[in-house]
Amino acid sequence: MNRISVTVDGVAYQDDVEPRLLLVHYLRDRLGLTGTPVGCDTGSCGACTVELDGRSAKSCSVLAVQADGSEVTTVQGLGAPGDGLDPLQKAFHEKHALQCGYCTPGMIMAARDLLRENPDPTPDEVRHGLEGNLCRCTGYQNIVHAVLAAARAGQEART
């Protein structure tokens, strides 16, 4: 067992974990944060994407011990309590950018990283930025619309 200290969605945790435990399973099984789904378990689909120290990471490709000393943000940690949805969550809802919803947490977390690096992306840049996240239901068009809407909302908030 290895002792880890990690902050998840603003809450500090210290736990003993097996060296082989994946971060996605730590989040879901140990912490009960089931908003991060297990998709493919191979890093191919992106459903399990979280922020690890401010950068998107596929949590099925990261061991919990690798997150020791880090800050993790899940889709459940977005938005302020009582403040409503995060702008990306709101845009996904308003633009109907989900159907089954399975890929949505990973898409939102990857889109946050994209918008942090490029706050005014073109549709092609959004598609390229999200190419590591798969959706089997929507055809992606509404997802692109949602990310662009969130980018516009972010620009309006900054002006």
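Which side chains meet in a salt bridge at 3.0 Å, N to O? They are those of Glu18 and Arg20, where a salt bridge is defined as a side-chain nitrogen of Lys or Arg within 4 Å of a carboxyl oxygen of Asp or Glu. Of these two partners, Glu18 is partly exposed at a relative accessible area of 36%, while Arg20 is exposed at 66%; in these terms buried means under 20% relative accessible area, exposed means over 50%, and partly exposed lies in between, as computed with a 1.4 Å probe on protein chains only.

The model is a predicted one, in which local features need pLDDT of at least 70 and side-chain atom pairs count only at pLDDT 80 or more, whereas totals for chains, interfaces and linings use all residues. Residues are numbered from 1 along each chain as its sequence is written, and side-chain values use heavy atoms, with hydrogens and water left out.

Under the salt-bridge rule the count comes to 11. One of them joins Arg30 to Asp15, with the closest N and O atoms 3.8 Å apart.

Elsewhere, salt bridges that share partners join Glu51, Arg55, Asp86, Arg112, Asp113, Arg116 and Glu117 into one network.

From charged pairs we turn to open space. The largest pocket holds about 270 Å³, a pocket being an open set of points on a 1 Å grid over the protein atoms alone, where a 1.4 Å probe fits and protein lies on both sides within 12 Å along at least five of seven lines, and its lining residues being those with an atom within 4 Å of a point. The volume is the space filled by probe spheres set on the points, which are joined across faces, edges and corners. The lining of this pocket comprises 14 residues, of which Pro87, Leu88, Leu115, Ala150 and Gly154 lie nearest its centre. Helices α2 (87-94), α3 (104-117) and α5 (141-158) each supply at least two lining residues, and α5 gives the most, with 7. By class, the lining divides into 8 nonpolar, 2 polar and 4 charged residues, where Ala, Val, Leu, Ile, Met, Phe, Trp, Tyr, Cys and Pro count as nonpolar, Asp, Glu, Lys and Arg as charged, and the others, Gly among them, as polar.

Most residues other than glycine have a negative phi. Asp9, however, has a positive phi near 50 degrees; Asp9 sits in the loop between β1 (2-8) and β2 and is partly exposed at 24% relative accessibility. Asp53 likewise has a positive phi, near 55 degrees, and is placed in the loop between β3 (49-52) and β4 (55-58), where Asp53 counts as partly exposed at 48%.

Notes:
Helices (H or I, at least four residues) and strands (E, at least two) are DSSP runs, numbered from the N terminus.
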